[in-house]
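Q: Could you walk me through how to read the main features of a model like this one? I would like the general idea each time, and then the case at hand.

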Amino acid sequence: MTDNLVLGIESSCDETAAAVVRNGTEILSNVVHSQIELHSRFRGVVPEIASRSHTTRVLPILLGALREAEVAPEDLTAIAVTNRPGMIGCLLVGIAAAKSLSWLGGTPLIGVDHILAHIHAGFMTRPDLALPCLSLVASGGHSALYHVRGPGDAERVGSTRDDAAGEAFDKGAAILGLTYPGGPSIQAAAKDGDPEAVKFPRPLLHKSLDFSFSGVKTALLYHLRGSGLTRPMPELSRAEVCDLAASYQAAIVDCLVTKLRRAAEQFGSKALTIGGGVARNELLRERITSDPVLSELEQVFPPMDLCSDNGAMVAGLGAHLFATGQVDDLRLDATATARR
Ligand code: KG4
Ligand code: ZN
């Protein structure tokens, strides 16, 4: 049997990424350019800046991925590209590059759902993942739970009603004067803090499988400036920042783990995977590992570079879609919203 070589292109947010994957799981290259430096002074991703950066980066990144994999464009079995959900201008850059390469070589083109690709990182890490599986995808733009029946087959069973978990980390860090992106900086500060110092709310804990994180962020702001923002921002000592970071992180992780546990019981999940930038969080991983209900499941934590945005997960899901005949053509378009 000849090798199946899929190029995956990702440009839905602030990473320009490309990867070559052999036979669905073997990552031959995985090249990522992060735009963090461009967006950090705005403490969030600025869509126009992001799409402009993708236009200058996409070709070198794509060629770099092919070169590193030692694969020529004509050897590719298919080209997979994220076409939803994401910022429309950003998605269009990856799609234009993928279409050009597809047209040049007559190579099949496959549009890939970014969220399903995050979930697919679990199947790339453990191809014989027990089913049904529960998957948490939590990043700067999304926070949702999925009941997964197989590769590319997932039903959303809960999602955030307001901010994404990563967004809550980013905004919390901004309030605390910590660097962007907020997840890693809050995690680092929390290491020296007391998670019990301040009891932040755990919204919607007793209801549904949905999340809500905007109230936690507001609670942090009100804790510092009074409800109604009546006080100026206080000067915080390093110890106070660490205590607040630890307490804030604990509240977000508590919400995620509680809903994971409830969903696992409700859907009879046999395995659990996590994806998206927030899946890099150490406390989240520890809490999942030590949870009495969740530790009964087969737990698959993809390696860190498969959690944040990358082209390998896109190529991996693309290989599955190709094998099942789900191929697109040059009419492939970008869609900003997630599938319901
Ligand atoms: O998936 P991702 O790389 O990009 C998208 O948003 O699509 O996720 C980035 C998000 C940011 O909000 C960042 O603060 C968060 O993931 N993040 C973390 C950690 N590392 C990144 N959140 C909590 N703990 C972390 N260690
Ligand atoms: Zn993502």
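**Overall shape**

A: With 340 residues, a compact globule would have a radius of gyration near 20 Å, and the chain agrees because its own value is 20 Å; the radius is taken over C-alpha atoms, and the globule rule is 2.2 Å times the number of residues to the power 0.38. This is a predicted model, where local features need pLDDT of at least 70 and side-chain atom pairs count only at pLDDT 80 or more, while totals for chains, interfaces and linings use all residues. Residues are numbered from 1 along each chain as its sequence is written, chains are lettered from A and ligands numbered from 1 in the order in which they are written, and side-chain values use heavy atoms, with hydrogens and water left out.

Q: What share of the 340 residues is buried?

A: Buried means under 20% relative accessible area, exposed over 50%, and partly exposed in between (1.4 Å probe, protein chains only). In this chain, buried residues make up 54%.

Q: Which residues coordinate the zinc ion (ligand 2)?

A: Donors are N, O and S atoms within 2.8 Å of the metal (3.2 Å for Na, K and Ca); water is not among the atoms, so sites may look incomplete. Here His114 (NE2), His118 (NE2) and Asp309 (OD) coordinate the zinc ion (ligand 2) at 2.1 Å. Their spacing in sequence is H-x3-H-x190-D. Histidine 118 lies in helix H4 (residues 114–125) and aspartate 309 in the loop between helix H10 (304–307) and helix H11 (312–323), so the pair ties together parts 191 residues apart in sequence. Histidine 118 and aspartate 309 are both buried.

Q: How many helices and strands are there in the chain?

A: Helices (H or I, at least four residues) and strands (E, at least two) are DSSP runs, numbered from the N terminus. The chain has 11 helices and 10 strands.

Q: Where does H2 bend?

A: The bend at a residue is the angle between axes fitted to the seven residues ending there and the seven starting there. H2 bends by about 45° at arginine 57, with proline 60 following within four residues. Just after H2, glutamate 70 takes a positive phi of about 55°.

Q: Is aspartate 254 buried or exposed, and what does it touch?

A: Aspartate 254 sits in helix H8 (residues 238–267), and it counts as buried because its relative accessibility is 17%. Contact means heavy atoms within 4.5 Å. Leaving out residues up to four places away in sequence, aspartate 254 touches Arg202, Leu205 and Arg287.
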